[in-house]
Amino acid sequence: MSNLFFTSALLPDGWAENVLVETDGRGRIVSAMPDAACPADAERFAGAAVAGIANLHSHAHQRAIAGMGESSGEGSDSFWSWREVMYRALDRMAPEDFEAVAAQLYVETLKAGFTAIAEFHYLHHDRDGGAYADPAEMSHRAIAAARTAGLPITLLPVLYNASGFGGTPPTAGQRRFIHDGAGFDRLTTALRHSYGEADDVQLGIAPHSLRAVPDGLLTEIVAAHPQGPIHIHIAEQRREVEDCVAYRSRRPVEHLLDTQPVDGRWCLIHATHMTEAEVAGVAASGAIAGLCLTTEANLGDGFFAADSYMAQGGRWGIGSDSHISVSPVEELRWLEYGARLTSERRTVLAGGPRRSTARRLVEDAQAGGAQATGFESGRIAAGLRADIVVLDTDHPLLAAREGDALLDGWIFAGNTPLVRDVVIAGRAVVRDRRHPREDEIADRFKKTLGRLLG
Ligand SMILES: [Zn+2]
C-alpha cells in the first residue's frame with residue numbers, strides 16, 4: 001500500500017479538495033477520499049490531479065525525423081513524399097538505435113502528461129529485410145524502452161502484407177515491415193509468451209490498413225486474436241479512399257464496417273474522410289476513433305468530422321503518431337480549433353451550454369485512451385490504475401483558477417508545459433518536470449541521431 005495526497009483532484013463525480021488516494025502493491029487505486037487529512041507517510045503533490053491520458057497512436061521510430069521533410073520539393077508535397085523521407089531514415093536504424101529513439105520519445109511522452117502509449121509497431125526486420133534471429137527483436141526493444149522510461153505500453157505488432165489494394169507486392173522501402181499470416185502468428189505468439197502476464201504491457205494487433213492487408217488475411221488474423229485491441233489506419237488520405245472505391249466500389253470505412261466485427265476492441269486511426277453514414281456507423285459501433293491532429297495537420301490529411309461524430313456519442317482518443325509534436329495539449333487544442341475554424345463558432349465540442357470545453361475533451365480522451373490501449377485507467381477511481389498527472393497550479397498561466405477553469409487553462413492558454421508531476425501505478429516517475437533518467441536518455445538519443453542522420 002502507498003498513499004498519495006493531492007491538493008485537488010478531478011474525481012468521477014467532479015472536483016474535490018485534499019484528496020487522499022490509497023494504492024495497492026500493483027499500483028491500483030484502493031480508494032480516493034476527498035476532504036482527507038494528509039497522513040505523515042503520504043507522498044504529497046501540491047497541484048491539481050487528473051487521470052492521465054493514453055497516447056493511442058505512436059510510430060516511435062518516426063521521432064528520429066520529426067521536423068524533417070519540411071522543405072518544399074518538386075511539385076506538390078503530400079503524405080506520400082513525406083513517406084519517402086521516412087523510409088530513407090529507416091534504412092540505417094539498428095535495434096539499439098530504435099531503442100534509443102523510443103526511450104527518448106517515451107520520456108517526452110510522460111513529461112507531456114500522457115500515461116500510456118500504444119505503439120503501432122511495424123519495424124520488424126533487419127535492414128536488408130531479413131528476419132532477426134529472434135523475430136520479436138524489435139518488439140522487445142520497444143518494450144525495453146518503455147520500461148526504461150516507466151511508461152505503460154500497448155504493443156500492437158503491425159501486419160503489413162502488400163503495398164496497395166489487390167495485394168500489390170511491397171516496395172523496397174517496405175522490406176522491414178512485411179509478414180505473411182504465419183510469420184505474424186509466430187510474432188504474436190512469442191509476444192504473448194513473453195508479456196502475457198505483465199502489468200505494464202498490453203498486447204493487441206494492428207492490421208496496417210485495408211491497402212496493406214487483403215480482406216481474407218484480415219478476417220483470418222482478427223479471428224485468430226480473439227482478445228486485445230485491434231488498431232487499423234483508415235481513410236487518412238483522399239487518394240486511399242479513391243483507390244479503395246476504384247478497387248471495391250466501396251469506401252474504406254464503409255467496407256470495414258460491412259465486413260469486420262467492428263466493436264469496442266477496435267480503434268480506427270484517423271478516419272478522416274467519412275461520409276455522414278460512415279460517421280454514424282463508427283459512432284454506433286463503440287469503436288474508438290484514433291485522432292492524431294498534429295500529424296494529420298502536418299501531413300495535410302484533412303480534418304475529422306469531430307462535431308457530428310461527438311454529437312452522436314462517438315468515442316475517441318488522441319495519439320501523437322509521427323511525433324511532430326508530443327503533447328495532449330496540442331492534440332486537444334487542435335481538435336477544438338479545427339472544429340472552430342471549419343464551423344466559424346466557438347466552444348464547438350463542449351457538448352452543451354455552460355460547459356467547459358477542456359473538461360469535455362480531457363474526459364473523452366481519458367476514456368477513449370483507456371479503451372483503445374486496454375489499460376484499466378482514465379479516471380481516479382477505486383479498482384483502476386493510479387496513473388495520474390498533476391498540473392502546476394502555482395504557474396502564472398493557472399493563477400486564480402480552480403476546477404474546470406484549470407483544465408481550460410491547461411489546454412487553451414499559452415505554450416508552457418503545465419504538467420509538473422506524473423504518477424504511474426502509484427509511483428512518481430516525473431517530479432517537478434524532471435524524469436530521473438532524462439539526461440542519460442537524451443545523450444544516447446543525440447548520439448544515435450548523429451549516426452543515423454549525419
Ligand atoms: Zn500511423
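Before going on, the model is predicted: local features need pLDDT of at least 70, side-chain atom pairs count only at pLDDT 80 or more, and totals for chains, interfaces and linings use all residues. Numbering runs from 1 along each chain as its sequence is written, and side-chain values use heavy atoms, with hydrogens and water left out.

Back to Ser-320. It sits in the loop between strand E13 (315–318) and H11; helices (H or I, at least four residues) and strands (E, at least two) are DSSP runs, numbered from the N terminus. Is Ser-320 buried or exposed? Buried, with a relative accessible area of 0%. The scale is under 20% for buried, over 50% for exposed and partly exposed in between, with a 1.4 Å probe and protein chains only. Not counting residues up to four places away in sequence, Ser-320 touches Asn-55, His-57, Thr-295, Ser-325, Val-326 and Glu-331. Contact means heavy atoms within 4.5 Å.

Next, the domains. There are domain 1 (2–51 + 379–432) and domain 2 (53–373), with bounds from an automatic or database domain assignment. Their centres, taken over C-alpha atoms, are 29 Å apart. Domain 1 puts 25 residues into the contact and domain 2 puts in 24 residues.

Now the nonpolar cores, meaning sets of buried Ala, Val, Leu, Ile, Met, Phe, Trp, Tyr and Cys residues joined through side-chain atoms within 4.5 Å. The largest has 119 residues, and Tyr-106, Leu-268, Trp-316 and Trp-410 touch the most other members. Helix H2 (residues 95–112) gives the most to this core, eight residues. At least three residues come from each of domain 1 and domain 2. Apart from this core lies another, of 16 residues, including Leu-4, Ala-9, Val-21 and Ala-51.

Trp-410 itself, leaving aside neighbours within four places in sequence, is in contact with residues including Val-50, Pro-328, Val-362, Leu-391 and Leu-418.

On to the rings. How many aromatic pairs does a search of the whole structure find? Seven. Rings of Phe, Tyr and Trp (its six-membered ring) pair if their centres lie within 6.5 Å; planes under 30 degrees apart count as stacked, over 60 as edge-to-face and the rest as tilted.

Tyr-122 and Phe-177 are edge-to-face, at 4.6 Å centre to centre and 70 degrees between the planes. The two are 55 residues apart, Tyr-122 in the loop between strand E6 (114–121) and helix H3 (137–149), and Phe-177 in the loop between strand E7 (153–159) and helix H4 (181–195). Both Tyr-122 and Phe-177 are buried.

Why is the pair of Tyr-337 and Phe-412 tilted? Because the planes are at 40 degrees, with the ring centres 5.8 Å apart. This pair joins helix H11 (residues 328–343) to helix H13 (residues 404–412), and its members are 75 residues apart. Tyr-337 is partly exposed, with a relative accessible area of 30%.

Arg-340 lies over the face of Phe-412, 5.5 Å from the ring centre. The criterion is NZ of Lys or CZ of Arg within 6 Å of the ring centre and within 35 degrees of the ring normal.
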